[in-house]
Amino acid sequence: MTRRTIVRSTCAVLAVGAVLGLSAPLTALPAAAAPAEGEAALNWVVNTAPGRTSTDTVAAAIADAGGTMLISYPEIGVTVARAPEGGFGAELRKLSWVQSVGPTRTATTPDVLPEPGDSAAGATTEPASMPAEGTAWDTVAIGATTASGKGVVVGIADSGVDAGHPDLADRIDPSLSVGCGVNGVPDTRPEAWRPGAGLGGAHGTHVAGSVAGAANGSGIRGVAPEARVAAIKVDNQSGFIYPEASICATMWAAQHRIPIVNHSYFVDPWYLWCADADTQAAALEALRRAYAYSREQGVLNVAAVGNEGQDLAAVTTDVMSPDDGEAQPRPVTSSCLQAPAGLPDVISVAAVDQDETTGALIRAGFSNFGVGKVTVAAPGIVWSAVPRQADGSIYASFPGTSMASPHVAGLAARILSEDPALTPEGVTRRITETADPLSGAGSDLVGAGLLDAGTGTPAPAVGVYSRIALTGQPFRVSGSGHPANSTVELRIGALTQRVQTDDAGRFATVFDVPDDAPIGAATLVAGSASAPIVIRASPAAPTVLTPRPDSTTYANSTRITGTGVPGTLVRVRVADGELTPYLRFIRVGEDGRWTATAPLPQGRYQVTARTVAGEDASALTAPVPFAVHTASALSYSVQISPQSGPQDDTLVRVDLTNAGASAGAGTVDIDLSAYEHFPLPTPSVGEIERTDRGLRWTLTLDSTQKAQLQIPVRAGTDDPPFPVITVK
């Protein structure tokens, strides 16, 4: 989800705009009306009974209370205003026809358009590891292998879309594109819906490529390559997506007959919006009204469920909000939800990955889940289009539920192109009823299962996770469109392997590339389908010398040693089940040896290592099981997940547990020196202070008590290191 994947979760005024609402597009956008000089102001929503109070009456009341109306939606009884904090809300609440009023944010910074980025127009070369068009694992795994989507428009509510990208240039409809990120007021100027600079502005283009990337023989191909795209930019200059911007997006779609809108983000500044909180209730009600209205008008809204790896049905504390100010841990209840994915009638999408060892399709570890929180799942690690980056690239592989959600929006476009009379309810039913169960993953993890985009006559296809196959390692392969319950021969040159298809004619597996496989360009053949690949020699795998298998370390730190190729990097990972308390890249010395010191709490672990050489990595070493015995009663785990925020791209989550001591007092040093930026978070328990290398968390936990700390960081890399944790 952009942002905070979602990435996430994948964030002025004209009098005529306020009077007409969205009945006509705004073509100019002057600066926002400002409060008195030096006076800070917030944006607010004012909710009235739909259709019962005139826009003039609402505007006059807002002015009398010291504010300025920005835009009004009389059809849903929602008005957006800007006003100083003071007594603005209290004055309006005195009016009998005002049902609720509340702020949409905690930051007083006015919205402006971000600086534009560079377009992808012009010559480029494709990344060596990117699968050839039509052979990417994500579209093949769901059966989206034929052209479809003609005559359907999909709104991309996101960070803007690059109209010059070669895979999107003829897919974007400028007449339906709009900017909503400045106060939620529609702005149809092209500069209002084009993406900002850098990877932060790339998110919307990436999402659009997954929906409707053209089948033009190069680059990437979307799920519905014949669909058109309406770029609906919802983020402001800081990357925040506030309620009024999200409302603008879905209302724009409703009034311009855009039948599908993808939302790969969560609405700022609250990770979870609570109906019983004065700071959030009015904005949440405004969001509910807008999304319900758009649904009634025939709009299907699809949203990413988020990238925190959390059970959303069991969250009791929100430590991330508000994200536009100082986060304060707060208890949350069942009345709290993530918007827009948690709103009624919105299709909420979890992410699926392909297992590195077996090739099986599994829930991605970063994907949120929870009973009643997920509608369906889709591939969530995806190559797609981006605006031109500093290194000249116009394609990138992003992880996140933000990448999964557009696959569902693309499938909706495929369905509507074949049956335009279907309602949003009918499309949703078609998507959920045709989804395929994932082995070992219940509805709490993946909803109805992995979406099935095999509309029309299926065509045999084979997909690859990467174009690069390394000798001596499993190579991830997927297939669709083959005869059901049949045997398909996979072949690379003289190398062959057989795989069985399921009831839908699909398979997901690995091709075991032998150590002596011929190096160079090759073709993977699966029945009548094929995919170009390149075989490279695998980097030499390292060895792990210590700890010895099944040994026990009696110390607060475990010394891990091994051998490898001098000068190379070794990725050392210590695992505790699905959790990773230690991960580091270690440089091999000139003597061919490497050493890592892992501060680990008491418990049982496995250590693995692999050599990393540029884009390639060696085979993983066999897991070495070992145990740690310490005097500390505090144990911990660390999880990192992709996040696309204004300043941060990764979320570090530290979970602490008292293993049973009567009072577990401790000091937790968190080494964050490998990251470019991190704020000072507010813990749910104890105190936090900055150190020379990161953060120090001092706390006391009662027996069996748990605590969690969430730290947004900027890693500046697609493979961020795990922080080193020391518990004293």
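Arg653 lies in strand β37, which covers residues 650-658; strands (E, at least two residues) and helices (H or I, at least four) are DSSP runs, numbered from the N terminus. The model is a predicted one, in which local features need pLDDT of at least 70 and side-chain atom pairs count only at pLDDT 80 or more, while totals for chains, interfaces and linings use all residues. Residues are numbered from 1 along each chain as its sequence is written, and side-chain values use heavy atoms, with hydrogens and water left out.

With a relative accessible area of 11%, Arg653 is buried. Here, buried stands for under 20% relative accessible area, exposed for over 50%, and partly exposed for what falls in between, with a 1.4 Å probe and protein chains only.

The next topic is the cysteines. How many disulfides does a search of the whole structure find? The search finds two, a disulfide being a pair of cysteine sulfur atoms within 2.5 Å. One of them joins Cys180 to Cys248, with an S to S distance of 2.0 Å. This pair links distant parts of the chain, 68 residues apart: Cys180 sits in the loop between β6 (178-179) and α5 (190-193), and Cys248 in helix α7 (residues 243-255). The link of Cys180 and Cys248 is left-handed, with -60 degrees about the S-S bond. Both Cys180 and Cys248 are buried.

Cys274 and Cys336 form a disulfide too, and their sulfur atoms are 2.0 Å apart. Distant parts of the chain are again linked: Cys274 belongs to strand β9 (residues 273-274) and Cys336 to strand β13 (residues 336-337), 62 residues apart. Is this disulfide of Cys274 and Cys336 left-handed or right-handed? The torsion about its S-S bond is about 110 degrees, so the disulfide is right-handed. Cys274 counts as buried because its relative accessibility is 2%, and Cys336 counts as buried at 6%. When the bonded cysteines of the protein chain are numbered in sequence order, the pairing reads 1-2, 3-4.

Finally, the whole chain can be described. The protein chain holds eleven helices and 42 strands. Its radius of gyration is 26 Å, close to the 27 Å that the globule rule gives for 728 residues, so the chain is as compact as a globular protein of that length. The radius is taken over C-alpha atoms, and the globule rule is 2.2 Å times the number of residues to the power 0.38. Along the principal axes, the C-alpha atoms fill a box of roughly 75 × 65 × 45 Å. Of the 728 residues in the protein chain, 59% are buried.
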